[in-house]
Amino acid sequence: MRQLRQPTSLLQQGMLRLSRWIILFQCGWLVLGCNEEPSQPAVDTTPYQFELPAGFPAPLESESNPTTVAKVELGKRLFYDPILSADFSLSCNSCHKQELAFADDIAISPGVDGALGFRNAPTLANVAYLGLMHKDGGVPKLDMQAGTPIEDMAEMNLSIFDAADRLNADAEYARAFQTAFGRKADAFTITRALAAFQKTMISGNSAYDQYTYQQDDTALSEAAIRGMELFFSEELACSSCHSGFNFTDNTFQNNGTKEEYISDQGRFRITWDSLDMGSFRVPTLRNVALTAPYMHDGSLADLDAVLAHYDQGGKGHPLQDERIRPLNLSAQQKEDLKAFLSSLTDEQFIRDERYRLE
Ligand code: HEC
Ligand code: HEC
């Protein structure tokens, strides 16, 4: 039987090969065609136009994730959606609230099932300008940061793969991911969309900015002007760490918040360099009046406590930076410094509708 089926002539053999190729080609075409689903939306690459306040450089953009309108819109939906937490109880917004400059007002914000982490939720204002992320610099860049809160057991406690499955099962999200990235929700696209939205959270229109850049002499009170002079004075040295347009030089410093760093060793956790014990990234002071409590663990309740801390010269940890030393501030000077720090609040930022869901 087998013998009979064999093609006899060379011509017949050639024809058979050709037809196999045609069949293969057609199948391939079919498969590709099916995958492409004609209804998929085209990728929308319209760039997002940053509106930069006076004195602000362009945000750090990455070649692999240029900020587009479609990514920002998708990132915003994700930011407010509890779909990213194990039991659908928390969104990013639960710990990063716009009215608090995207920080929280308690020392440690509870995660899923009330699980507690060990750090105070920071503001997200101007995160586009941070290099290393987190207080210890443990995450290389904003573009990949969102994987941490989603998976952290003391935060949203959901595997990023499960997050992707949930999102891909939702027709609207599936479409939005196609439009923004030309592909499905996955670890890359989820984190990049969230980063794109957060890059737009730029805050630079405080009373201090209006006074300094917009020539509005009435924007600051007398007390705030005195406080500003103290803040930028060599004697107090605040602005040697809290420097530049974002009031941070993005270095890691030990400002003597603790006598001993036991439960949180700061930058040491990442580098294992003993000199990094108790060092934390110098935080921005923009909107600082809204982001109490303060320091890595939220252990200082208000700005009075922070100023008392600096006035007494820190707790005296052996690695405490030498610029942290007793200042002998008068009660008036403390009030003036507080007035200056409060002038860094950006009312427009916390009301800006672009950061809200419609
Ligand atoms: C349970 C509270 C909680 C939730 C929910 C949460 N965060 Fe955070 N977030 C924190 C805390 C605490 C930190 C500080 C972590 C650290 O420094 O180690 C932080 C840090 C960050 C940072 C780094 C900021 C910096 O200054 O380095 C970014 C960005 C961020 N969160 C974005 C998000 C996004 C996006 C989501 C949602 C996917 C989210 N967070 C959900 C509490 C939370
Ligand atoms: C040697 C560098 C350095 C100097 C000088 C310095 N700071 Fe800080 N500051 C830090 C670091 C680091 C932190 C965060 C510490 C932590 O997370 O535990 C911080 C935290 C703060 C905070 C709390 C911010 C928050 O979101 O929790 C305020 C407010 C502040 N500093 C104001 C000042 C003032 C005012 C001065 C001058 C009197 C000053 N700092 C001098 C490094 C410095």
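This is a predicted model: local features need pLDDT of at least 70, side-chain atom pairs count only at pLDDT 80 or more; totals for chains, interfaces and linings use all residues.

Mentor: A polar contact here is a pair of N or O atoms within 3.5 Å.

Ligand 2 sits in the largest cavity. Its shell counts 21 residues, of which Cys238, Cys241, His242, His296 and Tyr310 are the closest. Two helices each supply at least two residues of that shell: helix 11, covering 238-241, and helix 13, covering 303-311.

Several polar contacts are made by oxygen atoms of ligand 2. One such oxygen is 2.6 Å from a polar atom in the side chain of His296. Another contact involves the backbone: a polar backbone atom of Met295 is 2.8 Å from an oxygen atom of the ligand. Thr257 contributes through its side chain, where a polar atom lies 3.4 Å from a ligand oxygen.

The backbone of Met295 has a positive phi, about 75°, and the residue is not a glycine. Most residues other than glycine have a negative phi, and most peptide bonds are trans. Pro293 lies between strand 2 (280-281) and helix 13, and the peptide bond leading from Ala292 to Pro293 is cis, with omega near -5°. Another positive phi is found at Phe88, near 60°, in the loop between helix 3 and helix 4.

For comparison, consider the site of ligand 1. The space that ligand 1 takes is the largest pocket, whereas ligand 2 is in a cavity. The elements giving two or more residues to the shell of ligand 1 are helix 4, helix 5 and helix 8. That shell holds 25 residues, and Cys92, Cys95, His96, His134 and Arg281 are the closest of them. Arg281 places a polar side-chain atom 2.6 Å from an oxygen atom of ligand 1. Glu155 has a side-chain N or O atom 3.1 Å from a nitrogen atom of ligand 1.

Helix 8, named above as part of that shell, is mostly covered, with 11 of its 13 residues buried. Among these buried residues are Thr189, Arg192, Phe197 and Lys199. The cover includes helix 3 (69-79), helix 4 (142-145), helix 5 (147-151), helix 6 (160-168) and helix 7 (171-181). At the N-terminal end of helix 8, Asp186 forms a cap, with a side-chain oxygen 3.0 Å from the backbone nitrogen of Phe188.

Notes. Residues are numbered from 1 along each chain as its sequence is written. Chains are lettered from A and ligands numbered from 1 in the order in which they are written. Side-chain values use heavy atoms; hydrogens and water are left out. Buried means under 20% relative accessible area, exposed over 50%, partly exposed in between (1.4 Å probe, protein chains only). Helices (H or I, at least four residues) and strands (E, at least two) are DSSP runs, numbered from the N terminus. Contact means heavy atoms within 4.5 Å. A polar contact is a pair of N or O atoms within 3.5 Å; within protein, one must be able to donate a hydrogen and the other to accept it, and residues adjacent in sequence count only if both atoms are side-chain atoms. A residue is near a molecule or strand if one of its heavy atoms lies within 4 Å of it. On a 1 Å grid over the protein atoms alone, a cavity is a set of points where a 1.4 Å probe fits but cannot get out, and a pocket is an open set with protein on both sides within 12 Å along at least five of seven lines; lining residues have an atom within 4 Å of a point. A molecule sits in a cavity or pocket if more than half of its atoms lie within 2 Å of its grid points.
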